[in-house]
Amino acid sequence: MTDDVAGQVIKAERDRIRCLLDVDRGAYDRLHAAEYRLCNPTGTVWTKAEYLDLLTTGRVAYRELGLTGDVDAIVGTDVVVLRYRCVIQLTVDGADIPRHEAWHTDVYTGAGGTWRCAWSQATGIMDLPPAAP
């Protein structure tokens, strides 16, 4: 049962990534809970409506967004937490954000068998030089 739920939510997350790339309003609404919040790598928090407005107006435009490895899942009764690395390249308010990797943590809630993303946290990965001897 746990593996089935994890698989369903991981598929929903892949669909959610696709809808962000395609700016698919129907899929966006279906895959994001009403209380959805995104905390982006700058620490800014956007609501579901704010994020959709940024996407549909082109103020945020993903050129690349994709998983770079496996997705880890913690499955509860009505909550699933996903964690994975991804690659991102986008434009924000006309400024190109170079291709980089980030960690994503997404919290999905289930109601009536439908899983929707309620919270997302994206954390940029900085490759730091090795420590001096």
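Rings of Phe, Tyr and Trp (its six-membered ring) pair if their centres lie within 6.5 Å, with planes under 30 degrees apart counting as stacked, over 60 as edge-to-face and the rest as tilted. This is a predicted model, in which local features need pLDDT of at least 70 and side-chain atom pairs count only at pLDDT 80 or more, while totals for chains, interfaces and linings use all residues. Residues are numbered from 1 along each chain as its sequence is written, and side-chain values use heavy atoms, with hydrogens and water left out.

View 1. Ring pairs join Tyr28, Tyr36, Trp46 and Tyr51 into a cluster.

**View 2. Tryptophan 46 beside tyrosine 51.** The rings of tryptophan 46 and tyrosine 51 have centres 5.7 Å apart and planes at 25°, so the pair is stacked. Tryptophan 46 counts as buried at 16% relative accessibility, and tyrosine 51 counts as buried at 2%, where buried means under 20% relative accessible area, exposed over 50% and partly exposed in between (1.4 Å probe, protein chains only).

**View 3. Surroundings of tyrosine 62.** Leaving aside residues up to four places away in sequence, tyrosine 62 touches Leu20, Leu21, Tyr51, Leu55, Ile88, Gln89 and Leu90, a contact meaning heavy atoms within 4.5 Å.
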